[in-house]
Amino acid sequence: MNDRLTSPEQLAPNSRPRWWRPDDVSLFVVLGTLGAAASYLSVNIPHTEVFVEGRWVFGFLGFALFRHWRSALLLACLLCVTGPHKVPLGIVFLGNMSYTVPAMIVLRLVHNRFLVRLPYWSAYGAAWFVLVLVCYQAFHTPLIMTIMALLRDQPVWPMMVSGWVEQPFFIESVLVGLLSAAGLVAFRSHDALKRSLGQMDATLQSIGDGVIVTDAAGRVSRLNPVAEALTGWSFSEAVGRPLADVFRIVNAKTGEAVDNPAQRVLAGGVTVGLANHTSLIARDGSRRQIADSAAPIRDAAGRLIGAVMVFRDVTEAYQSAEALAENQRQLDLALQAAAMGVWDWEIDTGRVKWAGQQAELFGISGDEFGGTMDDVQARVHPDDRDRGMEAIQETITQGNDFDNVYRIIRPDGAIRWMHSYGRPIRDESGRPVRIAGTTRDITERKRADDQLRLQSLTLKQIEDLVTVTDLDGDITYVNEAVCRMLGKEPEELIGRHVSVFGDNPDTGARQEDIVGQAREHGVWRGEVTNYGADGRPVVLDSRVFLVKDESGRPIAMCGVSTDVTHRKQAEKALRRSEEKFSLAFRTSPYVITITRAKDGRIVDVNQAFTTVSGYTREEALADSSVNLRLWYDENDRDQLIRDVLAGRPAVGREYWFRKKSGEIMIGLFSAHVIYLDDEPHVLSSINDITDRKRAEQELGQLNAQLAAKNAELEQVVYVASHDLRSPLVNIDGYARELEQSIADLGRTLAGAPNADQIRPRVAPYLDEDIPEALRFIRTSAYKMDTLLTGLLRLSRSGRAALSIEPLDMNTLMERVVDAMEFQIKESGAEVILEDLPACRGDAMQVNQVFSNLLNNAVKYLDPDRPGRIRIGGRREEGRAVYLIEDNGIGVEPAYLDKIFEIFHRLEPTANQGEGLGLTIVKRVVERLDGSVWAESEPGRGSRFYVALPAAGRLERQ
Amino acid sequence: MKGESHMHKDVVILVAEDDEGHAGLIKRNLARAGIVNHLMVFKDGQDILDFLYRRGDGPHRQSGAAYVLLLDIRMPKVDGLEVLERVKEDPELCKLPVIMITTTDDPREVERCHALGCSNYIAKPIDYDNFVHAIRHLGLFLNVVQVPKINGEQTQ
């Protein structure tokens, strides 16, 4: 407000000093001119009173000249040069100047230095008087006297001295001093008043506020242009009118008339401010919002002589202030309603300003807040502090919005969730200097969100099928379980009618009916069969109910279904299993009993029990196993009960039981503990293995006998083959001895004297019969030995211990071929050895097998064509099958089966051998879990196959 | 052939063989091979053990004499294997070279004899020629081995 009153721009144009102000100086000029005229006249009339008066006039003129020295000097010069009595006038002028000028100089110095604060009118005038008196005495009279003496050619000094001593103008000097002092004071005060009034006028004219001045009676005396504009009254019209006519004010709100401030000032004599909300009604009736104040005007004596009232138009300011206040109020209301806080953080100083509900959010009053970021941090939950600072740093460094959700701890310990959002505010250089934003308490929302989220998730993940429809049965929600079952997306179902779930073909329950019933009765419950995504029926236990709002009005329908397919299946399976068990129990060929563990009381037995034991069912159920003495050895039962009760089921034990007939039954026994009415019972299953045991025993004996027989036989074969050879050694040995003896005898006879006579007679014996007999003896012995050797090998082949291992047949076969190299060369045959698969067997035995076969192949080659023997092999179905193929004489199909028989040889005389080779081969191969067979075509050749277990692992190596 | 014999004449050849024919053949053929040492035949295992352990009524072995034992495996009463075992068990008799002469060529039997400590093993072939050959080999063998004396110094 004040700035408008004191604005230098507004005051400047009127404050410019004026060079010439006629109303001030004209008075002095007139007075000075008159004085000059009077003194001119008085010169012409010497020693008249006028001359004296003229000097007074110079006193006044001196002031005028001093104040306006340029115009005064001009006037003095004019007077000096133009008057007829130039010299006397000049002398008078100088005489007057002689006291006026020093007095002026001294007063000015003294005033400026000492008299500034003195009461203006009295001290200034008194000082002037004294000064003029002194200067007049000191300079005026001596100077005048001196000049007079010079002019009259009189001695100067005596005149000067008489001037000092006589003081001829003392009375004059006193009068001049008094008059000039009075004139000075009057001049000064008038001058000051005029100046001040002039300034005030200018101020009033130029001021931006309306100013009305009244006299003591409250009538308008002054009115500046602004006031004219505001009131609508011109100065000329308003002057002299009562203030209330010109300055009509009312309360802006109520419209009631308000006391005029000027009147209050006049009545109370104190400065008053204007009441707020004051409206000024202008002359044309328009209203303006004004602000005003009034002050009393007093004269020098302190008497109340009027009042001044200053006012200005605040309509716009008032309106904007009102609007601002309204805005602020609305903002406050909004912040309050939104429970929102406002904050402003100065980054450099760290000062934080809070507004709105910020402090309330933190559970404190505004005064308690320390105004620093540290204080804010101290109230944040420790776990969230770092994150908050990171977000702030990010806002500062990257300039993005500050957005943070965090917890605070209120002084009462309550933890609340807050959401603060802010933006950086930058200075001219773009550097963020502040961050300002808002804070909201989102605890409730968060809680509700969490709750909602939890509910949603629960609903989503629940195993049950949940469907919500409107009252018409149009689907509004399905959970995941529904979608999963139907293999559809929620979008495919929402908005469709529930009949998309399909109607139940078994019960005929239609979805439409279910919806209708639920709507009518509030609830429907039943079993529904749907078809799942895979087309399989899904049995659902469903509840459909009406969802009602708080007032009990139905708003939706909800169906909750549980998949009971498995339960149904399980029930069915259980029923079936019970039936099965029951049937199994009744018809089992095994004896099954259920007895009470503690005393052996028989609870149930099956048909087999009655058949085997000889007791009827009734007899059994009326008694206990102990009483019936079913157990041959009671200790067995005790042990069994202990075991099964300790959780060790008995499986496959052998116990002896006693039948009704007293006969012993050996049972293969299994038992478990079962609980009937919380009482441990033993479920026993007994397989009557009496006959089997007996058979087993017999078989065992038989086997033992057989083994003994076998061993005996082996021994017999062994011994026989061994012992039978001893005589052969003699037979052959001595036959040989005999041959030698016959030879000796022959030679002796040849040398005898009568050899010619004897020789012809003994010649048939010596040369033919005896050698022939010996030859037969030796051949037979040799043949016998061959057979025995074969038998021995056969018996050995059955006894040799096998060491089964993976065999690299390529290596083995090479060895076999190498060993027979001589024979092969001799026969001229070609042996082709192909790559062979590995097998499992005993290296020595397998070697023997293939040696025999190769030997056979070489032996039975056709002498008419070059021999060709191929050894090959392949894998098939876990076996390694080897082939030895020759192009020999072959075997008649009729004999093929016989070649593996003992002592069979195709052409006994054609080839040497004991005839046991293939028999041994067959026996060995069979011992090795393999098989051997042959294919042949007489005259083309034979193929012998040997199959042995394959060795997979070796092949991989 | 006689000139081939180098075996010390004092070494006595003991033949334990139940078959007299075999013994005869051995004897004849050793003689043909030039072995002229004294040769004693025992008809079974018991007899030879009696001789070696100086028991019974029959002849007893002499201390300080050198012997070579030709032993058949299959014999009545005590068989050759047992004789071999008993001989090799005895701290003194174990020095006695034992040559098994038997009709069997069962490898396990051969192995067993060697395990028990026989010096050599000869199978009796039915083929007379082979037999002769084998015995002659034996003769050669006997000619070159050093036969230790039993209960005495070693012979040269």
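This is a predicted model: local features need pLDDT of at least 70, side-chain atom pairs count only at pLDDT 80 or more; totals for chains, interfaces and linings use all residues.
Q: Noted. What share of the residues in chain A counts as buried?
A: 39% of the 957 residues.

Q: And how many helices and strands does chain A have?
A: Chain A comes to 34 helices and 29 strands.

Q: What about contacts, how much comes from residues 24 or more positions apart?
A: Taking the contacts in chain A with a separation of 6 or more, 54% are between residues 24 or more positions apart.

Q: Let's zoom in. Where does A:V560 lie?
A: A:V560 is in strand β17 of chain A, which covers residues 554-563.

Q: Is A:V560 buried or exposed?
A: Buried: its relative accessible area is 17%, and the cut-off for buried is under 20%.

Q: Which residues does A:V560 touch, neighbours within four places aside?
A: A:V560 is in contact with A:D464 and A:L465, and also with A:D541, A:S542, A:R543 and A:F545.

Q: OK, over to A:T469. Which strand is that one in?
A: A:T469 lies in β13, residues 465-469 of chain A. A:T469 counts as buried because its relative accessible area is 6%.

Q: What does A:T469 touch, beyond four places in sequence?
A: Its contacts are A:D474, A:I475, A:T476, A:V498, A:A556 and A:M557. Two of those, A:A556 and A:M557, fall within the residue range of β17.

Q: And A:R553, where's that?
A: A:R553 sits in the loop between β16 (537-548) and β17.

Q: Why does A:R553 count as exposed?
A: Because its relative accessibility is 51%, and exposed means over 50%. Leaving out neighbours within four places, A:R553 is in contact with A:V547 and A:K548.

Q: Switching to charge: which residues form the positive surface patch?
A: That patch is made up of A:K572, A:R575, A:R576 and A:K580.

Q: Where does A:R575 lie?
A: In helix α22 of chain A, residues 565-587.

Terms used:
Residues are numbered from 1 along each chain as its sequence is written. Chains are lettered from A and ligands numbered from 1 in the order in which they are written. Side-chain values use heavy atoms; hydrogens and water are left out. Patches are made of residues with over 30% relative accessible area and no salt bridge: like charges are joined within 9 Å, nonpolar side chains (Val, Leu, Ile, Met, Phe, Trp, Tyr) within 5 Å. Accessible areas come from the Shrake-Rupley method with a 1.4 Å probe; for residues, only the protein chains shown count as cover. A salt bridge is a side-chain nitrogen of Lys or Arg within 4 Å of a carboxyl oxygen of Asp or Glu. Lys and Arg count as positive and Asp and Glu as negative; His and the chain ends are not counted. The place of a charge is taken as NZ of Lys, CZ of Arg, CG of Asp or CD of Glu. Helices (H or I, at least four residues) and strands (E, at least two) are DSSP runs, numbered from the N terminus. Buried means under 20% relative accessible area, exposed over 50%, partly exposed in between (1.4 Å probe, protein chains only). Contact means heavy atoms within 4.5 Å.
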